[in-house]
Amino acid sequence: MSEAQSQDEKLNRRRFNAGFLTACALLLLLATLSLGVGSTSLGLDGALRVILWKVPLLRPLSNGTPSGPEISIIWDIRLPRIILAILVGGALSLAGALMQAYFRNALAGPFVVGVSSGAAFGAVAAIVFGLNISFAGISAVPLCAFVGGLAVVMLVGLLNNRTGAARVESLLLTGIAVGSVLSAAASLMMITSQESLQSILFWLLGSLSSARWLHVSWVLPFFLAGSIPAFLLARDLNALAWGDEIAHSLGVSVKRSRNIVLICATLLATSAVAVAGIIGFLGLMMPHVARFVVGSDHRRVLPLSFIFGAILLLTADLAARTLWAPTELPIGALTAIFGAPFLAYLCNRRR
């Protein structure tokens, strides 16, 4: 490594340390603020009192006994919603970083292989036909959304069961084709079911209004299954950025690594969409912000993308439930306000 490269590496390492610590502090601050702020304002003192009361080891530190409504609002509604916002935002951002590395395309996002179209088709079908099924306590809509998104990626993979350099481009085109068909089918179902249109549109625009501890416990295993292998493959992603042939010459099992990356991104994106609906642009924006801060090394880009995604979605969720309280705004609409101009800037910058 040359002296200039060594200096750049040290600079990026310092940027990562500073950026990561700053982002973690900001995330903690936002989470604390979100606990006390809402349509019913309890303040930070009230929120802290409830949390201390609910944790047996910390109960002696609680300043008084919280009331039943306070416990319900903080512990049963806001805290799981905050944790779910962190998991969903981080998962979508992480999936976006993986997809951009997989396709070697700065405009790739977590939904490019049809995850959103499959999830939307499953959720719309569950709402229109009034499916009354559940699994592990999860109701029909998130369950069908999860199965739909996962099934589409599996179908795209089967249709694209080829090897070689053209596989990535073929996978992208196959995903677009299958996703277009399912989007059209979902639109037809929406037209034929006017009475369910409002519920469908609210889900399609994204929301965390129904977040409970059950959703957190359901998403967490998929998040861990998708994120841990992704972090372990960071070095392989750095090699793949130079092309499959160079990565192979560096000892990377290209086909194996690509398959794992695709599976991880699919698990992250599908589980997030299943509980929060379709939240666009987040997975496109945050990996770019992370690369702007720390460079292109995926050992730093991936964890920073997760933190930045969690911060953005937590901020959007806080705005969604306070700007027009007691009416709640869809999160996807708020992220699109930031995401659409960012996409236009990105396209113009890379023109």
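I began with Glu9, which I found in helix α1 (residues 3-36); helices here are DSSP runs of H or I with at least four residues, numbered from the N terminus. Leaving aside residues up to four places away in sequence, I saw that Glu9 touches Arg299 and Arg300, where contact means heavy atoms within 4.5 Å. I also looked up Glu9 against Leu158, and the two are 149 residues apart in sequence and 41 Å apart in space, C-alpha to C-alpha.

I noted for myself that this is a predicted model, in which local features need pLDDT of at least 70 and side-chain atom pairs count only at pLDDT 80 or more, while totals for chains, interfaces and linings use all residues. Residues are numbered from 1 along each chain as its sequence is written, and side-chain values use heavy atoms, with hydrogens and water left out.

Next I turned to helix α3 (residues 68-103) and helix α8 (residues 213-232), whose axes come within 10 Å and cross at roughly 25°; axes are lines fitted to C-alpha atoms, for helices over the stretch in contact, and angles run from 0 to 180 degrees between N-to-C directions. That angle makes α3 roughly parallel to α8, because angles under 35 degrees count as roughly parallel, over 145 as roughly antiparallel, 65 to 115 as roughly perpendicular and the rest as oblique. Among the residues that make this contact I listed Trp75, Leu79 and Leu87 of α3, and Trp213, Val219 and Phe223 of α8. The residues of the contact divide into 16 nonpolar, two polar and one charged, with Ala, Val, Leu, Ile, Met, Phe, Trp, Tyr, Cys and Pro counted as nonpolar, Asp, Glu, Lys and Arg as charged, and the others, Gly among them, as polar.

I then followed α3 to helix α12 (residues 282-294), and these two pack at an angle of about 75° with their axes 7 Å apart, which makes α3 roughly perpendicular to α12. Gly89, Leu92 and Gln100 of α3 are among the residues in contact, as are Leu282, Met286 and Arg291 of α12. By class, I recorded six nonpolar, six polar and one charged for this contact.

Still in α3, I looked up Pro69, which counts as exposed at 55% relative accessibility; buried means under 20% relative accessible area, exposed over 50%, and partly exposed in between (1.4 Å probe, protein chains only). Arg104 is found in the loop between α3 and α4, where its phi is near 50°, a positive value in a residue other than glycine, and Arg104 is partly exposed at 42%. Phe281, in the loop between α11 (254-276) and α12, also has a positive phi, of about 75°, although it is not a glycine.

For helix α4 (residues 115-128) and helix α5 (residues 140-159) I noted packing at an angle of about 145°, with the axes 7 Å apart. The contact includes Gly118 and Ala119 in α4 and Cys144 and Gly148 in α5, and by class it has 11 nonpolar, four polar and no charged residues.

How many disulfides does the structure hold? I found zero disulfides, a disulfide being a pair of cysteine sulfur atoms within 2.5 Å. Of the cysteines I looked up, Cys144 counts as buried at 16% relative accessibility, whereas Cys24 counts as partly exposed at 30%.
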